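Please open the model in your viewer, with the sequence panel beside it, and follow the stops below in order.

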Amino acid sequence: MTVDYGAMIRLDKVDPGFAMPFTHRVIDGAVLIANDLGDHAFLTPEEFRRFVEGEVKPDEPLYAKLRDKRFIAREIDVAAEAVRFRRRKGFLAYGPTLHAMVLTERCNHGCQYCHSSVVGMGRTDTDMSIEVASKAVDMALSTTSPWLTIEFQGGEPTANWETLTHIVKYAQERNLVARKELSFALVTNFSLMTDERLDFLIENKVQICCSLDGPEDLHNKIRIYKGGNSWQLTTDWIRRVNQRYVDMGLDSGLYRVEALPTITRDSLTRWKDIVDTYVSVGSRAVFLRKLDPFGFAEATARKLGYTMEEFIEFYMTAVDYIIELNKQGVEVMERHAAIMLSKILRESDPNYLDLRTPGGAVIGQVAYHPDGRVFSSDEGRMVGAMQDDIFAVGHVDQSYQDILRGDTVRALVFASTNDSQPGCVSCTYKVWCGQQPEYNYKTQGSIFGRMADSNWCRKHKYIFDFLMKKLERADPVELEIFDRWTTNRRQDHFVQEVEQVAQPAA
Ligand code: SF4
């Protein structure tokens, strides 16, 4: 249904004092309105006209609906809303929480879409030294955030095992003074995993993440490994690690290997196989990620790539299938949808760094290159690997304060703020959406980008529209599923224990 705004709204009749500032968007004939506090409502076109013209009377159900969603200016409790707003933007009070340490650029896989611009296993000159690693840890623990995660990235980070174990031990020791909520995460292809190494990771509470592109033929076609069957290796280790967690008495619904698929052209018709594979290895979440433009993926885009419309069709079909599985009692979620729904339905922001405003570049995450350069993010580091240091914000020899106060950081914060983006400032989704300046730069040549022809924007608009339609029409069973997807359960086991410092005698 097409809504004729010209006929529906008469500007001379609009009552500017009635409504709170809001944005709107028409979805399948319904008018979606949203405000900066993160509230939304669906109105019929006639309700929308009466709303903007200030015609709605206090004794009407529509008035109560608009009041409860904080769209009527005179009904706003400013102090209470300030508290809500502060909670939603709580991440602004803290420094970077994610510290990606690239331990080496070496890798023994030749994945066709590899994002990391890797080198062969003989290039030990690309390893992070113990000295750089110690300085990176010192910088990470300088963050003003009370909690942080040190994430081991590569290449294949376990190829530089000595530095990995040093970082874990050194960070634990330094944290006796820093006293942060510290956790570790490892992104691995499992090819160099051994029982001994797994014991170290489990004993030191290092969370394990990996890539799994779906069924065996799909995974092995893209993730080329001359040393064996990558899919078999990956799924065997996922099961073994998950079993270790069960043996330790940890909740299997909460503690398991986090696996991530990357979606290529061949994946588009395999949505069911991908989801079924995840369920079969015990995963509770599938994160359906579109190919991104970093690293080698750009050079192979013609072979592996697809249009945004093709991706969205794949995505919607897969999410519908996941919802159907949930209705049959299989607890599995799509991670992107869960993040977006959390932002829409919950009072606090999940702080997903790619989807917040301002964005996560530097003020939410930093990446440490093996040579000691500090980048705005892992994506910024990948741009750096392509001989472009625009996202290099400093070096581990500098102080944390020097880096965070740099001009590049200020520019990135400004560019990743939706209210400073001409394309976003009037968008209905701006309160839940976010920017990635590295993506804008890589695809459009400017950290600001142009949202009117940005694939980033199109993807998010499509998915927000899809989810909003689901929310408007959801039955109680679907709402219960979404409630489960958006219930944030802390993984306290992965937080490092800090021994209590003896208190002085009274
Ligand atoms: S990126 Fe697109 S969808 Fe997101 S806030 Fe900006 S205009 Fe809206």
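Which residues of helix 10 (residues 271-280) are buried? Before selecting them, note that this is a predicted model, in which local features need pLDDT of at least 70, side-chain atom pairs count only at pLDDT 80 or more, and totals for chains, interfaces and linings use all residues. Residues are numbered from 1 along each chain as its sequence is written. Helices (H or I, at least four residues) and strands (E, at least two) are DSSP runs, numbered from the N terminus.

**Helix 10**

Select W271, I274, V275, T277 and Y278, which are the buried residues of helix 10; buried here means that 20 or more other C-beta atoms lie within 10 Å of a residue's own, exposed means 12 or fewer, and partly exposed is in between, with C-beta atoms placed from the backbone. If you look down the axis of helix 10, the buried residues fall within an arc of 155°, so they line one face of the helix; the arc is that of the directions from the helix axis to the C-beta atoms. Helix 10 is followed by G282, with a positive phi near 90°.

Next, display the open sheet of eight strands, whose order is 8-7-6-5-4-13-14-15 and whose pairing is mixed; two strands pair if DSSP finds at least two bridges between them. Strand 8 and strand 15 (392-395) stand at the edges with a single partner strand each, so one side of each has no neighbour in the sheet. Direction ignored, neighbouring strands of this sheet are turned by 25° against each other on average, the angles being taken between axes fitted to C-alpha atoms. Within the sheet, strand 4 (residues 98-102) runs parallel to strand 5 and is joined to strand 5 by five bridges, and L98 stands opposite T149 in strand 5.

**Backbone features in loops**

Continue to G154 and G155, which are joined by a cis peptide bond with omega of about 15°; G155 lies in the loop between strand 5 (147-153) and helix 6 (161-178). A cis peptide bond also joins T357 and P358, with omega of about -5°, and P358 lies in the loop between helix 13 (335-345) and strand 13 (365-368).

Then compare two residues: is R70 buried or exposed? R70, which has a positive phi of about 60° although it is not a glycine, counts as buried because it has 21 C-beta neighbours inside 10 Å. R179, with phi near 55°, is exposed, with 12 other C-beta atoms within 10 Å.

**L412 and its surroundings**

Select L412 in helix 16 (residues 407-415), which counts as buried with 29 C-beta neighbours inside 10 Å. Leaving aside residues up to four places away in sequence, L412 touches A361, V362, S376, P437 and I447.

**The ligand**

Finally, centre on the ligand, which is surrounded by N418, Q421, G423, C424, C427, Y429, K430, C433, M451, C457, H460 and K461, each with its C-beta atom, placed from the backbone, within 6 Å. The shell around the ligand has six nonpolar, four polar and two charged residues, where Ala, Val, Leu, Ile, Met, Phe, Trp, Tyr, Cys and Pro count as nonpolar, Asp, Glu, Lys and Arg as charged, and the others, Gly among them, as polar.

Conventions:
Two residues are in contact if their C-beta atoms, placed from the backbone, lie within 7 Å. Axes are lines fitted to C-alpha atoms, for helices over the stretch in contact, and angles run from 0 to 180 degrees between N-to-C directions.
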